[in-house]
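Please look over the sequence and the model below, and then follow the explanation that comes after them, keeping the picture in view as you read.

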Amino acid sequence: MSDPVLEVTGLDVTFGSGPGAVHAVRGVGYALRPGEVLGIVGESGSGKSVTSLAVMGLLPPHARVTGSVRLKGQEILGASEKRLTAFRGKTISMVFQDPLSALTPVYRVGDQIAEAVRIHQDVSGQAADRRAVELLDLVGIPNPAQRARAFPHEFSGGMRQRAVIAMAIANDPDVIICDEPTTALDVTIQAQVLEVLKTAQRETGAAIVMITHDLGVVAGFVDRVLVMYAGRPVETGSVDDVYYRPRMPYTIGLLGSVPRLDLGGRRRLVPIEGNPPSPDALPPGCPFAPRCPLVVPACDAAEPPLEPVGPGDRRAACIRAGEIEEGRIPPGEVYARSGAGRAGRPAAPGAGAGERRPPVPRGERGVVLEVDGLIRHYPLMKGAVFKRRVGTVYAVDGIGFDIREGETLGLVGESGCGKTTTLMEILELARPQRGTVTVLGRDTAAMTSRERLAVRRDMQVVFQDPLASLDPRMTVHDILAEPLRTHGVRDPGPRVRELLTLVGLDRQHAARYPQDFSGGQRQRIGIARALALEPRLIVLDEPVSALDVSIQAGVINLLEDLKDRLGLSYLFVAHDLSVVRHIADRIAVMYLGRIAEIGQVDRVYDTPMHPYTQALLSAIPLPDPEKERSRVRILLEGDLPSPAAPPSGCRFRTRCPKFRDVLSDGERERCVDEEPAVRVLDEDQGAACHYAEKIKVV
Amino acid sequence: MSIADEEHAEELAGVEKIGTPSRLKVVAGRFFRSGQGRIGFALLVAMFLLAFAGPHLNKWSYTDKDFSAFLAPPSAEHWWGTLQTGADVYAVTLRGMQKSLIVGLLAAVVGTGLAAVVGAFAGYFLGWTDRTLMWVTDLLLVLPAFLILAIMSPLFAEGQWLLFVLMLALFLWMVTSKIVRSMTISLKEREFIHAARFMGVHPMKIIFRHVIPNLSSLLIVDATLNVSAAILTETSLSYFGFGIQPPDVSMGSLIADGAKTAVYAPWTFWFCAGLLIVTVLAVNLVGDSLRDAFDPTARRNR
């Protein structure tokens with residue numbers, strides 16, 4: 001085996017000093033061999049980004065870094081700035097999460113890449129420019145010679161990230177560190193960028209450190225995994241070992257809490273109880289002990305070291321890892337023991353499922369929300385003094401769906417497809433520009449203000465960002481009492497306490513402010529507020545996308561339990577298709593202001609008919625290494641067209657793989673001339689495509 | 001089906017009743033927990049007590065003149081000495097303080113309140129409300145405040161101090177209301193305002209319950225500064241012979257007179273100036289702790 005290109009041992013990072021010191025990274029070590037891909041996985045605050053910044057020597061001066069970082073055998077920790085600069089960009093380079101801030105806005109993209117080339121290579125300006133164009137071509141930017149002269153703001157998010165990757169590989173580095181490179185991108189773009197990264201690795205033969213919180217991205221991309229928790233590595237091993245034979249309870253919990261795109265049939269998610277410890281107040285023993293279902297008194301005595309478990313080079317930091325390895329504790333049952341009947345939790349659905357009435361067929365249930373031909377166009381204005389209309393943004397352009405009682409409709413699509421606009425149009429309860437919105441049998445166009453207030457009582461909303469949606473100046477009590485007072489409840493006190501218990505919070509918490517809670521708890525408060533008036537329909541706008549996976553699972557379970565117990569209907573807007581598969585009964589896929597496909601959730605996921613749905617589903621990485629390796633992706637080309645100038649005919653045709661590869665010229669003409677409407681092609685599954693056919697992609 | 005029934009039994013099962021912590025109680029609790037707040041509040045109360053109860057302890061009234069003691073230093077007869085006219089410093093200072101406390105505090109509160117309401121309405125509703133309100137604001141901004149107050153000063157003579165307060169407040173609020181307006185516009189897009197709107201909360205209630213409390217840091221700082229500004233405006237008006245008219249006195253007129261004799265008869269100046277400083281200090285302490293009490297992100301000092 002060849003020598004490692006990057007070897008990190010005993011890396012410690014501390015911010016500040018004295019009692020307020022934050023020990024962000026504690027004893028991280030790994031070795032990276034040439035061409036190897038290492039995934040570092042962990043939730044927010046686990047120290048994974050700080051680790052990589054420390055390796056690059058990019059931490060601010062007040063951070064104290066100890067340990068050793070050897071790059072090709074040379075110690076670079078504590079090296080002079082001059083020596084580091086010689087390494088950075090040449091031997092080791094980095095791809096950051098936010099591609100907009102990684103590029104200088106006032107220079108042309110090509111010049112920035114050429115600059116990266118010229119810093120480390122003695123070439124002429126022209127040669128560097130040529131190399132920049134080559135690199136842009138390599139990362140798949142169309143018309144590279146022309147696009148090299150564009151400014152960063154003229155690039156879309158995906159293209160910017162490609163440009164950053166081009167810059168990172170400009171000097172054939174030996175190590176590329178990618179810090180959440182696809183987190184800010186849509187799934188179809190994420191699939192493109194991951195593909196580019198694979199190409200880049202093939203071309204340069206570099207080793208990659210992939211830092212991410214997305215277990216799906218890791219599964220398909222890396223060779224080895226390092227799981228971090230509270231600043232420490234808690235498990236490491238080959239990707240198959242860690243995914244199929246996890247030995248540390250945290251890893252087991254993390255894998256169990258991810259909603260799976262490829263598994264239908266409502267497997268209940270297993271959340272990890274509690275929250276990660278704050279780095280300035282770590283428990284004395286194992287930092288995971290307060291949340292661990294396998295905790296024994298010995299766990300609190302000392303922090304377990306990362307020790308080898310079983311064959312191969314796998315290690316886990318758990319004193320009971322040996323028991324799990326020997327099969328005395330089956331990994332599947334680790335969380336089953338603690339799952340049911342924790343204090344302050346709503347009862348597990350197992351109890352509720354027994355008494356559930358036989359489901360009423362969909363057609364016989366009442367319609368809670370009906371949207372028909374909804375249109376929302378925004379004028380594009382120009383001119384300072386005399387404003388004139390220069391165009392129209394077709395944000396929502398004729399969509400229709402309905403939600404029945406006790407049903408969840410998932411509304412999904414990439415950013416810019418009009419989901420949020422649709423949501424706002426429904427929530428405003430005003431007359432839409434065109435089309436109709438009927439909430440609980442009442443048309444919003446013909447509503448009096450009294451009726452509107454009555455409808456508001458039955459329709460509530462939960463927003464994406466739990467902190468922004470709670471007034472920071474109000475106590476939890478006042479926040480929860482507000483809807484009650486608005487709708488004429490005199491003494492909201494008892495109901496507020498009831499609500500807190502219902503969403504699994506302590507009733508003593510009523511006197512606190514939202515900022516005293518963690519993200520998951522805040523979202524529970526948001527849900528409690530929405531439930532205050534016992535509504536019939538709740539609109540959820542990306543309710544879990546701001547939360548970590550282990551916390552997210554708890555909130556999803558809560559939403560499912562509440563729906564079953566209270567007979568709610570949900571309109572669930574999300575971009576994460578795995579979550580939607582888990583929670584929704586029906587799904588509507590939006591593309592550029594129109595519905596591409598709508599139908600019963602398992603039908604759409606198992607056999608999608610619209611080429612866009614197919615591409616979307618195939619783009620989502622699965623947290624299953626073997627499946628992920630054997631999958632064939634349907635990659636979309638390019639980016640979402642601007643909603644101000646949608647293509648004629650079918651809006652998806654510019655990116656449609658079917659239009660490009662399969663259809664004959666005659667068939668294509670129809671796509672260009674005629675806009676397809678949603679046709680119901682099977683029982684409760686419809687697609688807006690002239691040439692829809694079922695394909696299995698997951 | 002309702003959860004109420006389900007958990008009612010549990011509710012009755014003897015869970016001890018917890019008080020309903022409303023915002024007012026929590027803010028008051030936090031205010032009085034901070035040492036600064038307690039000191040400031042105590043000082044302010046002491047000032048009011050001194051100003052309104054103090055005169056009853058003294059046999060001299062502010063209109064009396066003792067012709068046997070001109071510019072006399074503090075003694076048993078005249079606790080804080082006398083002025084050149086023979087007036088008792090203790091009596092006139094307290095009389096002046098009554099005026100200044102009321103004028104200063106009231107004008108500041110009214111001015112800041114007006115700024116908050118006008119700014120928040122303009123920023124929340126936009127459109128015509130905004131245009132009309134901002135037009136009025138701009139108009140008031142270009143009017144020479146001092147000149148108008150000077151011209152109107154005869155009106156304040158006959159005990160019309162309330163009118164005087166209102167006029168002072170009227171020229172204090174415009175700049176703040178412009179700041180409030182722009183902050184409201186950005187606040188309006190925050191999700192918790194959307195949430196309240198979609199809950200069916202009346203726009204007026206949203207403004208008073210969500211918008212203005214979230215601007216309270218700015219408003220409290222502004223009100224604190226306005227107290228000093230109002231007292232000083234009144235002082236300078238009185239200095240030029242407008243504002244509070246003789247024989248009535250105010251802190252302003254007293255300081256103006258006392259400044260002339262401050263060097264060789266310090267009691268004519270320092271009692272008055274000292275009380276003014278203590279008052280402004282108390283207001284600032286109260287303002288600071290109120291701001292912290294309203295702001296849940298502020299570090300709690302015990």
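In this predicted model, strand β15 of chain A, residues 408-412, is joined to β21(A) by four bridges, and the two strands run parallel. One pair that you can look for is Val412(A), whose bridge partner in β21(A) is Val589(A). On β22(A), residues 594-600, the pairing is of the other kind, for six bridges join this strand to β21(A) and the two run antiparallel. Here Tyr591(A) of the one strand stands opposite Arg594(A) of the other. The two strands form a hairpin with two residues between them, and in the turn Leu592(A) has a positive phi of about 50 degrees.

How many of the residues of β21(A) are buried? Six of its six residues, 586-591, are buried, and the strand is accordingly described as mostly covered. In a regular strand the side chains alternate between the two faces of the sheet. In β21(A), Arg586(A), Ala588(A) and Met590(A) lie on one side, while Ile587(A), Val589(A) and Tyr591(A) lie on the other, and both of these faces are covered.

Strand β10(A), residues 232-238, runs antiparallel to β9(A) and is joined to it by six bridges, with Val225(A) standing opposite Gly237(A). In the hairpin of β9(A) and β10(A), two residues lie between the strands, and Ala230(A) takes a positive phi near 50 degrees. Strand β9(A), residues 224-229, is also mostly covered, with six of its six residues buried. Arg224(A), Leu226(A) and Met228(A) are on one covered face, and Val225(A), Val227(A) and Tyr229(A) are on the other.

From the strands we can turn to the nonpolar cores. The largest of them has 218 residues, and the members that touch the most others are Ile113(A), Leu571(A) and Phe572(A). Apart from this core lies another, of 64 residues, which includes Phe31(B), Ala91(B), Leu101(B) and Met251(B). Beyond its neighbours within four places in sequence, Leu571(A) is in contact with several residues, among them Leu409(A), Leu411(A) and Val539(A).

Finally, where the chains meet, the contact takes 35 residues from chain A and 27 residues from chain B. On the side of chain B, α1, α2, α9 and α10 each give two or more residues, and α9(B) gives the most, with six. The residues on this side divide into 15 nonpolar, seven polar and five charged.

Conventions
Residues numbered from 1 in each chain as written. Chains lettered and ligands numbered in written order. Predicted model: local features only at pLDDT ≥ 70, side-chain atom pairs only at ≥ 80, totals over all residues. Contact = placed C-beta atoms within 7 Å. Nonpolar A, V, L, I, M, F, W, Y, C, P; charged D, E, K, R; others polar. Buried ≥ 20, exposed ≤ 12 C-beta atoms within 10 Å, placed from the backbone. Pairing = 2+ DSSP bridges. Core = buried A, V, L, I, M, F, W, Y, C linked by C-beta atoms within 7 Å.
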